[in-house]
Amino acid sequence: MAANPVNKQRKPNDPPGGEIELPTLGRRFGALAIDWALCLLVANLYGEPARDGWSPVVALIFIYTVFAGFFAQTPGMALTRLAVVDVDHGGPIGPLRGLLRGVLICLVLPMLVLDGDRRGLHDRLARSIVLPAQRKNP
């Protein structure tokens, strides 16, 4: 489905035609699965994920706070060529909204409540949207 997110107006990071192809839910889930695997690896450094369920959750919240907040991509998003950006201006969402988004993702349910632009409740509350990442020209 081709759509220009956010009130169907052109945003700074939109392609020249103004219409973008929103990422599939499978691609978004793939990014989350990669991030979760990374969290399990990191959690082994400071906890026992099999015994302490909190350690990978803390790692996931940290990854979203830092990577999504400052760089608009978690490692999983970078590998699947996705970016989470501010819905109004298209830039990084900042660490506070990255923290909010990470906490809401850990609650799972907000990810299941989607709108027409495939924005979950976690995206709407953090005023963010997941888009295909801009390709960097060499």
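This is a predicted model: local features need pLDDT of at least 70, side-chain atom pairs count only at pLDDT 80 or more; totals for chains, interfaces and linings use all residues.
Some ground rules. Local features need pLDDT of at least 70 and side-chain atom pairs 80 or more, while totals for chains, interfaces and linings use all residues. Residues are numbered from 1 along each chain as its sequence is written, and side-chain values use heavy atoms, without hydrogens or water.

Start with helix H1, residues 25–46. Helices here are DSSP runs of H or I, at least four residues, numbered from the N terminus. Which residues of H1 are buried? Arg28, Ala31, Leu32, Asp35, Cys39 and Ala43. Buried means under 20% relative accessible area, exposed over 50%, partly exposed in between, with a 1.4 Å probe and protein chains only.

Next, His122. This residue is in helix H6, residues 121–125. His122 is buried, because its relative accessible area is 4%. Its contacts (heavy atoms within 4.5 Å), leaving aside neighbours within four places in sequence, include Arg28 and Arg101. Arg28, remember, is one of the buried residues of H1.

Last, Trp54. Trp54 lies in helix H2. Is Trp54 buried, exposed or partly exposed? Partly exposed, because its relative accessibility is 47%.

Note on methods
Helices (H or I, at least four residues) and strands (E, at least two) are DSSP runs, numbered from the N terminus.
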